[in-house]
Amino acid sequence: MRTLLILGGTRDAYDLAQILASQPGLRVVSSLAGRTDAPRRPAGEMRVGGFGGPQGLASYLRDNGIDAVVDATHPFAMQMGWNAARACAETGTRLLRLERPAWQAGPGDRWHFVDDWQQAAPWLAANSRRALLAVGRQDVAAFAGLDHIWFLIRSVQPPDPPPSLAQAEFLLARGPFDQQAEHDLLRTHRIDTIVCKNSGGVTDGKLLAARQLGLPVVMRQRPPRPATAQATDIPQVLDWLGL
Ligand code: NAP
């Protein structure tokens, strides 16, 4: 019996657990950070909460007989991948990074790339009056101080604590959203700019709608990652596991 640890919190991680949980000879444990109340349960076993840095993760890998780790955390989860790389190197555990390809700008797209939200603020101050913030609830506070901009803030759960933005409306919704619905949302709220992170994956409705309407998109680039074996989809993970 081999034991696989999936570092999760993404749709890909749930899909992977679903496929692997029924594999004979494989024990699958999914790990969640514990940020959301009542998270969806992955197939197989689940554990919740931080490990206590790279050392804590290394101890967990040893104590639980983990044979391999798939880091399927979100592309904008800044820390966990580095912790996994260190812990796996220290314990000699195989590590694979599962990350969906980034979105690529196409003809007609007006993307303004930034490395962090500090870079986004001056561009927004100069160019936007009504912006859709689709950045995740943990990042909304970075836009405080842009008082002349009206923000439509879309997130799955309410920002907590509520950000101190001078002009904002909150929209609680979980994607994916199709192009027509996004087009209507942008028009209804007279949005002039979309702000988002390059999460990647299937073609994104808001980006297609922005192209259709000729709207600029402030696109945050993905952060650097440690050098590890890489997979961009689940079949590649199965190959790596020899299944
Ligand atoms: P992060 O910056 O990479 O992680 C911060 C700390 O949270 C880590 O050092 C670790 O604590 C703990 N942690 C993160 N992922 C974990 C996991 N899967 N299992 C156990 N502990 C975990 O990540 P984050 O941005 O706070 O995101 C937290 C979770 O939300 C991730 O699992 C990610 O996949 C998911 N998520 C994030 C985003 C995003 O935009 N950031 C979007 C969608 C989903 P210790 O050091 O104590 O081990």
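**View 1. Arg130 and the backbone of His189.** A polar atom of the Arg130 side chain sits 2.8 Å from the backbone oxygen of His189. That makes a polar contact (N or O atoms within 3.5 Å, one able to donate a hydrogen and the other to accept it; residues adjacent in sequence count only if both atoms are side-chain atoms). This is a predicted model, where local features need pLDDT of at least 70 and side-chain atom pairs count only at pLDDT 80 or more, while totals for chains, interfaces and linings use all residues. Numbering starts from 1 along each chain as its sequence is written, and side-chain values use heavy atoms, with hydrogens and water left out. Arg130 belongs to strand E7 (residues 130-134); strands (E, at least two residues) and helices (H or I, at least four) are DSSP runs numbered from the N terminus. Arg130 is buried but has no salt bridge, and Glu169, the nearest side chain of opposite charge, is 6.5 Å away. Here buried means under 20% relative accessible area, with a 1.4 Å probe and protein chains only, and a salt bridge needs a side-chain nitrogen of Lys or Arg within 4 Å of a carboxyl oxygen of Asp or Glu. For charge, Lys and Arg count as positive and Asp and Glu as negative, with His and the chain ends not counted. Beyond four places in sequence, Arg130 touches residues including Ile149, Trp150 and Asp192 (contact: heavy atoms within 4.5 Å).

**View 2. Strand E8 and its partners.** E7 and E8 run parallel, joined by four bridges; strands pair if DSSP finds at least two bridges between them. Ala131 has Phe151 of E8 as its bridge partner. E8 itself spans residues 150-155, and six of its six residues are buried. In a regular strand, side chains alternate between the two faces of the sheet. On E8 both faces are covered, with Trp150, Leu152 and Arg154 on one side and Phe151, Ile153 and Ser155 on the other.

**View 3. Asp109 in its loop.** Look for Asp109 in the loop between strand E5 (94-98) and strand E6 (110-114). Its relative accessibility is 16%, so Asp109 counts as buried. The Asp109 side chain has a polar atom 2.7 Å from the backbone nitrogen of Gly106, and makes a polar contact of 2.9 Å with the side chain of Arg211. Leaving aside neighbours within four places in sequence, Asp109 is in contact with Gln104, Leu207 and Arg211.

Conventions
Buried < 20%, exposed > 50% of the residue type's maximum accessible area, 1.4 Å probe, protein only.
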